Amino acid sequence: MSENTSDNNTPVETEISSLGEFGLIERLTKDFRMKNAGTKLGVGDDAAIITCGDKDMLVTTDLLLEGIHFDVRYVPLKHLGYKAAVVNFSDIYAMNGTPRQITVSIGVSSRFTVEHLEQIYEGIRLACETYGVDLVGGDTSGSASGLVISITCIGEADADKVVRRSGAHDTDLICVTGDLGAAFMGLQLLERENSVAAQSGDPDFRPDFAGKEYILQRQLRPEARKDIIEQLARHDIVPTSMMDISDGLSSELLHICKASDCGCRVYEDRIPIDYQTAVMAEEFNINLVTAAMNGGEDYELLFTVPLVDKEKVEKIEGVRLIGYITKPGLGAYMVTRDGGEIPIKAQGWNHLF
Ligand code: ADP
Ligand code: MG
């Protein structure tokens, strides 16, 4: 194993947390040179782009670990399977593509029975049916550390329609779909009720989730925005940049700005937030805009379109214009209700630690 060494030849030991997830990925992958002409885009976007005849093939993969990404005490296994598949489809839609195939790899500890795994696969099957995707393979192994699910998704798109994170330009409009922060508030609710149940010691404790169905569904059983990709095509719009919102809007805006070498302004009062999210944020005494900007797992789409597409994009139901792209020197800021500007910071989810 090769090691970095300091001046006096002692090995340098770098804490992984000092780099963060994206710093780590950059450090590990920076010395890989693409050797195949067919590799159009490697690390750094929602999916890799590979030439495949007159189409582009898109490839993305996601790893879900028990205790890090999900808690089987309150996540129904069928929902877990559904979500594990859908988050991959979301990355393919984020490239303006269509998911076609998945492989599913699982690591299973002895706590789980065949029936448990069947429930997970029922969820995966439902997702595949809903989104028109084929399960084509995978791998199965025992696991010493709980349940592991890794799904790889292959998608396709016309080569001239693929949308990367890197194409945003000064004056482009910034759009988001649906509403934000609900999945995060759903998680807060599930975690609270789970600890209340544990403290009550009553095995029959059943939390009352009436009126909170939407935020729970957003956390437990998210959908990918296939409908928006279809609407964009119908309206003849190819975004200049796009990604899905998995780590929180702030973090994703900074990804677009970095990849596109630009700045941005988004308006606080334009951030779409559902009523139930607002009620829950109040109950938890969490700042609503912070939850919407930084809460993860919404799986909505963030994209930019040229100014000339304003009228067309406004016709699509579920799309909200939240701001605009600027020249790089102007930085990334949120314009508050009183007209002030606060810098956008990536406080998104960090599942690494
Ligand atoms: P997303 O949130 O859209 O799923 P990620 O933030 O997980 O994307 O990953 C960002 C980019 O880094 C992607 O291009 C992904 O393929 C790549 N990547 C992540 N982890 C690794 C790794 N361990 N080795 C190589 N590439 C990686
Ligand atoms: Mg993504």
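D244 is buried, with a relative accessible area of 1%. Bear in mind that this is a predicted model. What does the pair D46 and D244 tie together? D46 sits in the loop between strand 1 (39-41) and strand 2 (48-52), while D244 belongs to strand 8 (residues 241-245), so this pair links parts 198 residues apart in sequence. D46 is buried as well, at 6% relative accessible area; the cut-off for buried is under 20%.

Now to the charged pairs. Side chains of opposite charge can pair when their charged atoms come close. How many salt bridges does a search of the whole structure find? The count is 24. I will go through a few of them.

Take E297 and K83. Their side chains form a salt bridge, 3.1 Å from N to O. E297 is in the loop between helix 9 (288-294) and strand 10 (300-305), and K83 is in helix 2 (residues 77-93), so the contact ties together parts 214 residues apart in sequence. Are these two residues buried or exposed? Both E297 and K83 are buried.

Next, D170 and K327. This salt bridge also has an N to O distance of 3.1 Å. D170 lies in the loop between strand 6 (148-158) and strand 7 (173-177), and K327 lies in the loop between strand 11 (319-326) and strand 12 (332-335), so the pair connects parts 157 residues apart in sequence. On accessibility, D170 is partly exposed, at 33%, and K327 is exposed, at 51%. The cut-off for exposed is over 50%.

There is also a network. Which residues are in it? R218, R225, D227 and E300 are joined into one network by salt bridges that share partners.

D31 is exposed, with a relative accessible area of 59%, and K30 is partly exposed, at 46%.

Terms used. Residues numbered from 1 in each chain as written. Chains lettered and ligands numbered in written order. Predicted model: local features only at pLDDT ≥ 70, side-chain atom pairs only at ≥ 80, totals over all residues. Heavy atoms only, no water. Salt bridge = Lys/Arg side-chain N within 4 Å of Asp/Glu carboxyl O. Buried < 20%, exposed > 50% of the residue type's maximum accessible area, 1.4 Å probe, protein only. Helix = DSSP H or I, 4+ residues; strand = E, 2+ residues; numbered from the N terminus.
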